[in-house]
Number of protein chains: 2
Amino acid sequence: MAKDPSQPRPTMAEVARAAKVSVMTVSYTYAQPDRVSERTRARVREAAARLGYPGPHPGARSLRRGRTGNLGVVLGEHLTYAFEDPQATRFLAGVAEVCASHGLGLTIVPITGAPSDADRVAEAAVDGFVVWTTSDDDPVLSAVAATALPAVVHGGPHHRKLPIVAVDDRAAARAVAAEALAGARRPMVLSFPLDRARTTGVHNGLDPAEATFRVTRERLRGARDAWEAAGGQWPQVRVAVCARNSAREAESLATAFLKGSDAPDAVMAMSDELALGLMRAAARAGLAVPGDLVVTGWDGTDAAAAAGLTTVAQDLRAQGARCAQLVLGEEAATGPIEWRLVLRDSTRR
Amino acid sequence: MAKDPSQPRPTMAEVARAAKVSVMTVSYTYAQPDRVSERTRARVREAAARLGYPGPHPGARSLRRGRTGNLGVVLGEHLTYAFEDPQATRFLAGVAEVCASHGLGLTIVPITGAPSDADRVAEAAVDGFVVWTTSDDDPVLSAVAATALPAVVHGGPHHRKLPIVAVDDRAAARAVAAEALAGARRPMVLSFPLDRARTTGVHNGLDPAEATFRVTRERLRGARDAWEAAGGQWPQVRVAVCARNSAREAESLATAFLKGSDAPDAVMAMSDELALGLMRAAARAGLAVPGDLVVTGWDGTDAAAAAGLTTVAQDLRAQGARCAQLVLGEEAATGPIEWRLVLRDSTRR
DNA sequence: CACATGCTGTGTAACGATACACAAGATAGG
DNA sequence: CCTATCTTGTGTATCGTTACACAGCATGTG
């Protein structure tokens, strides 16, 4: 931290001396103002202001009280990627809302993908954790469990000791894939990454079980369900994998696979973000939607609505709020997480 | 926080007893593993695992060491609004990146707009603050200053004791307004809120000094500079104020002011977000850009590029990183913050 | 062989606050 | 007027860790 030219931080004892009261009186002045007479309170406040006392030391307080007033959020492997994912951001807004209404700070644990991440989790000064979607093999999960603090996982993976908040991705994927791929000749899924390696590429007949991100896996399974239910063979469906949930990246990947004779004529994308990137590439290639190319998204963002994109609407913000409430031990809305198929002009029906 | 059925958290002393070593040895095992022989280290680790010891108590550690390992971020008045602002998010990504690379947690202080916000700042267990743009009269600023921790303000306002990181908004606004409003007959500025009241509305000849958000104020001044330099009178320029930086809100406001005979024929928007909302409304109203309506944005987002929007490009992410580095006392890149006018098809030249 | 040096392990004294129990004076009720 | 109760202020012990100083032993050096 920056150089500290300022004199050392005053302590409660010094304020007490200056105000000619006991330390406890100062403590009460901050923690339970009603416990102190108005006159004394004013004297203490004045002394504190005079000395530049910034209030009780948070570390000392948390040591003594046994709680920190912070909720921890663990965001996948690399902190920064998560901030660039609009879905993660919406989710965070929900978590933040609950935190704010409880006066809790929201601490984002600095995950980098290095082995030291487990230490970072252990060192986090928080009273509980919300874990944003990560892969089955991510070691931070057990680090979270090891703290024995209350914690909730969003999206996945399942963990023996931790409750999970997630939509039925497989069922939703089944529904939207039925719209997206119906009657397609060259069907494709535009997918989230399969695992923490986040390799970009196009696969034929990819076994969903290869994906260690639960969300990716379940959506692939749902797509397979729908395709096979329509009489197709899974290996006919190509799976284009984006390393991140970013329109820009989808656009550049799509620009490549839209060229050539085997360009898809129907794509189920795992997010609106990816779908919109694809649509930009399609527009540039002179392809009409849904004429030449049927597209579906996922999430139900404003941008999807503006683009007339058929999508699976879900409320990530509400899900974030729900996770936070669960961690706080509140009675959150119960029941499964809602989703809804929204039909628009990017599909034929 | 949730009920805590688990047995109380073990302490270092208990681990020490179980491993038959002194407490200090346990402490060193966590804080300076090299200080301990490999054999002893293994014994301690084993004992800790057996007892379910999650590592040193963060509160105690921070009390003793005098630092918390967390960087605080104060995000305007209401935590949630800030998370919904894409600019704020980009900025946060930059802060987060620096935090992650230093192994620091990023704590978002729960601001709600209530008077208790000052307490929240004082109670935050952090080693320094980054303050995201707020209004001149926001009391959290003095709360931040009162902690005497290192702190940096982004965007504004200026504060006697705190360094500020901001672009020369006035100069940039001058440049982009010259493009946007050149030759306009019914010029308009689509503006950020003026103050924390965040009132939506359309004004004629608004005095820039009325805005208590520095960014808003300076950009209005720049627009006035440009308009007057072109021989115009400031009161001729209407100022449409959005309560938030949201495309959706801009769209609904624009839908209203684009009707009628006094609809603007040139608009300088204070963000790409607002500009894109306006363009959606314009498209729906059957107006051609730039034929019927010249539009400029601000920020240089991907979406602006995709939409062919003339804009002031700036790197908010880099600015976030810079703020964090300054708080950490690092030698950050010096010099003024860069911005660049990017001309595209939404303007005539 | 005497002595300097490095490696490991150990006690003790804080770090700054709050829970708790208690005391003195004020107020109220019968 | 005396006891019951409320209000307000006060010590003391303790939360769990780490800085510091020191001790014992092994190794290296002249």
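The surface near DNA strand D draws at least two residues from each of α2 (23–31) and α4 (58–65) of chain A, and likewise from α1 (12–19), α2 (23–31) and α4 of chain B. The model is predicted. In it, chains A and B share an open sheet of 10 strands, and chain B can be laid on chain A by a turn of 180 degrees.

**DNA strand D**
- Around DNA strand D there are 24 residues, of which A:Ser22, A:Thr40, B:Met12, B:Ser27 and B:His57 come nearest.
- By class, the residues of this surface are 13 nonpolar, 7 polar and 4 charged.

**DNA strand C**
- DNA strand C is surrounded by 24 residues, and the closest are A:Met12, A:Ser27, A:His57, A:Ala60 and B:Ser22.
- Two or more residues of the surface near DNA strand C come from each of α2 and α4 of chain A, and from each of α2 and α4 of chain B.
- The surface near DNA strand C divides into 12 nonpolar, 7 polar and 5 charged residues.

**Relation of the two chains**
- In chain B, the C-alpha nearest the axis belongs to B:Thr107, at 2.0 Å from it.

**Interface between chains A and B**
- The contact involves 56 residues of chain B and 57 residues of chain A.
- On chain B, at least two residues each are supplied by α4 (58–65), α5 (79–84), α6 (86–102), β2 (105–108), α7 (117–123), α11 (247–257) and α13 (302–306).
- Helix α6(B) gives the largest share of this side, 7 residues.
- The side of chain B that touches chain A is made up of 28 nonpolar, 18 polar and 10 charged residues.
- The copies meet through the same surface, because 100% of the interface residues of chain B are also interface residues in chain A.

**The shared sheet**
- The strand order is β5(A)-β4(A)-β3(A)-β1(A)-β2(A)-β2(B)-β1(B)-β3(B)-β4(B)-β5(B), and the pairing is mixed.
- The edges are β5 (164–165) of chain A and β5 (164–165) of chain B; each has a single partner strand, so one side of each is left without a neighbour in the sheet.
- Across the two chains, β2 (residues 105–108) of chain A and β2(B) run antiparallel and are joined by 3 bridges.
- In this pair, A:Thr107 stands opposite B:Thr107.
- Within chain A, β3 (residues 129–132) and β4 (residues 151–154) run parallel, joined by 4 bridges.
- A:Val131 has A:Val153 of β4(A) opposite to it.
- Helix α14 (residues 316–327) of chain A lies across β1 (70–75), β3, β4 and β5 of chain A, and runs at about 160 degrees to β4(A).

**B:Leu309**
- This residue sits in the loop between α13 and β11 (311–313) of chain B.
- B:Leu309 counts as buried because 27 other C-beta atoms lie within 10 Å, where the cut-off for buried is 20 or more.
- Apart from neighbours within four places in sequence, B:Leu309 is in contact with B:Asp272, B:Ala275, B:Val295, B:Gly297, B:Ala304, B:Arg344 and B:Ser346.
- B:Leu309 and B:Leu343 are 34 residues apart in sequence, with a C-alpha to C-alpha separation of 7.6 Å in space.

Methods. Residues numbered from 1 in each chain as written. Chains lettered and ligands numbered in written order. Predicted model: local features only at pLDDT ≥ 70, side-chain atom pairs only at ≥ 80, totals over all residues. Pairing = 2+ DSSP bridges. Contact = placed C-beta atoms within 7 Å. Axes fitted to C-alpha atoms, helices over the stretch in contact; angles between N-to-C directions. Nonpolar A, V, L, I, M, F, W, Y, C, P; charged D, E, K, R; others polar. Near = placed C-beta within 6 Å. Buried ≥ 20, exposed ≤ 12 C-beta atoms within 10 Å, placed from the backbone. Least-squares fit on C-alpha atoms with pLDDT ≥ 70 in both.
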